[in-house]
Amino acid sequence: GYKLVSCPDKLFAFEIRNHLNTKVIATRVYYFDAVTSTMDIAMKLGIEGAPEGTLVVAETQTKGKGRLGRSWASPKYKGIYLSLILRPKIAPNVAPMLTLLSAVSVCEAIREKIEVEAQIKWPNDVLIGHKKVGGILTELNAQMDEINFIVIGIGINVNNEKKALIEGATSLKKEKGQEIPRVALLQEVLRTLEVNYLLFKKQGSPPILEKWRSLNVTLGKMVKVVCRHAHIEGEAVDIDADGGLLIRNDTGLIEKVMAGDIVHAGNVNR
C-alpha cells in the first residue's frame with residue numbers, strides 16, 4: 001500500500017471546504033493561482049448575483065489592494081489573500097463594523113491556531129508586537145439607504161521570509177519560528193468569521209465592539225490621524241457604534257474619525 005506523508009500547501013477549494021462545516025461563509029469557493037486582485041473578482045461576482053458567503057482566494061495577486069489606494073504585497077504561496085462577499089441588511093453607515101468584525105476574527109483565529117498574541121490597530125491593521133501581519137479592506141455596492149453587498153478583503157503574511165518583508169511588517173512564520181499550514185489557518189479564519197458574523201446579525205454591534213476593545217492597541221494612546229485634508233491629534237478614547245474612532249483633543253473636545261492614517265504617539269499619563 002501507499003502512505004500519504006505530505007501534500008502541497010495550496011489553497012484549493014476542496015481543501016478549504018474539507019471539514020470546514022460552515023453554514024454561510026465559503027459555501028462557494030473560487031480558487032485562482034494568480035489574479036490581479038481578489039477584490040476585483042469578488043466585486044464582479046457580487047454584481048452578477050453571487051450568493052452571500054462566496055469566497056475568492058488566490059495564491060498571488062499582481063495588483064493586490066490595500067487601504068487608501070495602496071498596494072498589498074502578495075508573494076506566491078506565502079500568504080493568505082481572500083475576498084468574501086456578504087449581503088447584510090444594514091445601512092451603508094454601519095458598514096465599517098464589518099471591518100472591525102473581520103479584524104477581530106483574524107486576531108482570534110491567529111491566537112487560537114498559531115498561539116501568538118495578535119492585536120488590532122484601528123481601523124484595520126492586525127499586529128504582532130508593533131509590526132503588521134495582516135490587513136482588512138472593505139468595498140461596498142450600495143444604494144442611499146441599503147447595502148446591496150459588501151466585499152471584505154483579508155491579507156495575512158503567513159510564511160513570508162524575513163528578508164522579503166517591508167519595514168514595519170512581520171509574518172506568522174517569523175514570529176512562530178516555523179512554517180505555518182495555510183489551509184488550516186484559513187479554515188480557522190473562516191469559521192471565526194462565521195461565528196462573529198452570525199453574532200453581529202443576531203445582536204448587532206455591541207458584542208463585536210466589546211471584542212474589538214479587548215484586542216485593540218489604539219485606545220488609551222495619544223494618536224495623530226491624518227485625513228485627506230487635515231490631521232487630528234489627541235487621546236483615542238473609544239470607538240462608537242459605527243466603528244468611528246473618538247479622539248479627545250487638548251481642549252477636551254471629542255472628534256469622530258471614520259478613516260485616515262493613524263500614528264500612535266504613546267500611552268496617556270493619568
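Trainee: In which kind of crossing, left-handed or right-handed, does α3 pass α5?

Mentor: Please keep in mind that this is a predicted model. Two packed helices are described by the angle between their axes and the distance between the axes. In this structure, the axes of α3 and α5 come within 8 Å and cross at roughly 135°. That angle makes α3 oblique to α5, since only angles over 145 degrees count as roughly antiparallel. The crossing in which α3 passes α5 is right-handed.

Trainee: Which residues of α3 and α5 meet?

Mentor: On the α3 side they include Leu98, Leu101, Ser105, Ala109 and Lys113, and on the α5 side they include Leu185, Val189, Leu193, Tyr197 and Phe200. By class, this contact of α3 with α5 has 13 nonpolar, 4 polar and 4 charged residues.

Trainee: At what angle do α3 and α6 pack?

Mentor: Helix α3, residues 96–113, and helix α6, residues 206–215, pack at about 55°, and their axes lie 9 Å apart. The two helices are therefore oblique to each other. Here α3 passes α6 in a left-handed crossing. Residues of α3 such as Met97, Leu100, Val104 and Arg111 are among those that meet α6, where the partners include Ile208, Trp212 and Leu215. By class, the contact of α3 with α6 has 9 nonpolar, no polar and 3 charged residues.

Trainee: How far apart are the axes of α5 and α6?

Mentor: The axes of α5 and α6 are 8 Å apart, and the helices pack at an angle of about 135°. Thus α5 and α6 are also described as oblique to each other. Asn196, Leu199, Phe200 and Gln203 of α5 make this contact with Pro206, Pro207, Ile208 and Lys211 of α6. By class, it has 5 nonpolar, 2 polar and 1 charged residues.

Trainee: Which residues of α6 are buried?

Mentor: In α6 the buried residues are Pro207, Ile208, Leu209, Trp212 and Leu215. They pack against α3, β4, α5 and β9.

Trainee: How should I read a nonpolar core, and which residues touch the most other members of the largest one?

Mentor: In soluble globular proteins, nonpolar side chains tend to be buried together. The largest nonpolar core here has 64 residues, and those touching the most other members are Ile16, Leu98, Ile110, Ile154, Leu172, Leu190 and Phe200. Helix α3 gives the most to this core, with 10 residues. Apart from it lies another core, of 10 residues, among them Met43, Leu45, Ile85 and Phe149.

Trainee: With which residues is Leu172 in contact, leaving aside its neighbours within four places in sequence?

Mentor: The contacts of Leu172 include Ile110, Ile128, Val133, Ile156, Gly177 and Leu185.

Trainee: Is Val35 buried or exposed?

Mentor: A residue counts as buried when its relative accessible area is under 20%. Val35 has a value of 8%, so Val35 is buried. Val35 is found in the loop between β1 and α2. Not counting residues up to four places away in sequence, Val35 touches Ile41, Ala58, Thr60, Gln61 and Thr62. Val35 and Thr62 are 27 residues apart along the chain, yet their C-alpha atoms are separated by 6.3 Å.

Trainee: Where is Lys221 found, and how far in space is Lys221 from Gly234?

Mentor: Lys221 is found in strand β8, residues 221–226. At 18% relative accessibility, Lys221 counts as buried.

Mentor: Most residues other than glycine have a negative phi, and most peptide bonds are trans. In this model the peptide bond from Trp122 to Pro123 is cis, with omega near 0°. Pro123 has its place in the loop between β4 and β5. Tyr77 has a positive phi, near 65°, and lies in the loop between β2 and β3. Glu115 likewise has a positive phi, of about 60°, although it is not a glycine. The loop between α3 and β4 holds Glu115.

Trainee: How accessible are Tyr77 and Glu115, partly exposed or exposed?

Mentor: Tyr77 counts as partly exposed, at 31% relative accessibility. Glu115 has a relative accessible area of 62% and is therefore exposed.

Terms used: Residues numbered from 1 in each chain as written. Predicted model: local features only at pLDDT ≥ 70, side-chain atom pairs only at ≥ 80, totals over all residues. Heavy atoms only, no water. Axes fitted to C-alpha atoms, helices over the stretch in contact; angles between N-to-C directions. Helix = DSSP H or I, 4+ residues; strand = E, 2+ residues; numbered from the N terminus. Parallel < 35°, antiparallel > 145°, perpendicular 65-115°, else oblique. Left-handed = near helix turned anticlockwise from the far one by under 90°. Contact = heavy atoms within 4.5 Å. Nonpolar A, V, L, I, M, F, W, Y, C, P; charged D, E, K, R; others polar. Core = buried A, V, L, I, M, F, W, Y, C linked by side-chain atoms within 4.5 Å. Buried < 20%, exposed > 50% of the residue type's maximum accessible area, 1.4 Å probe, protein only.
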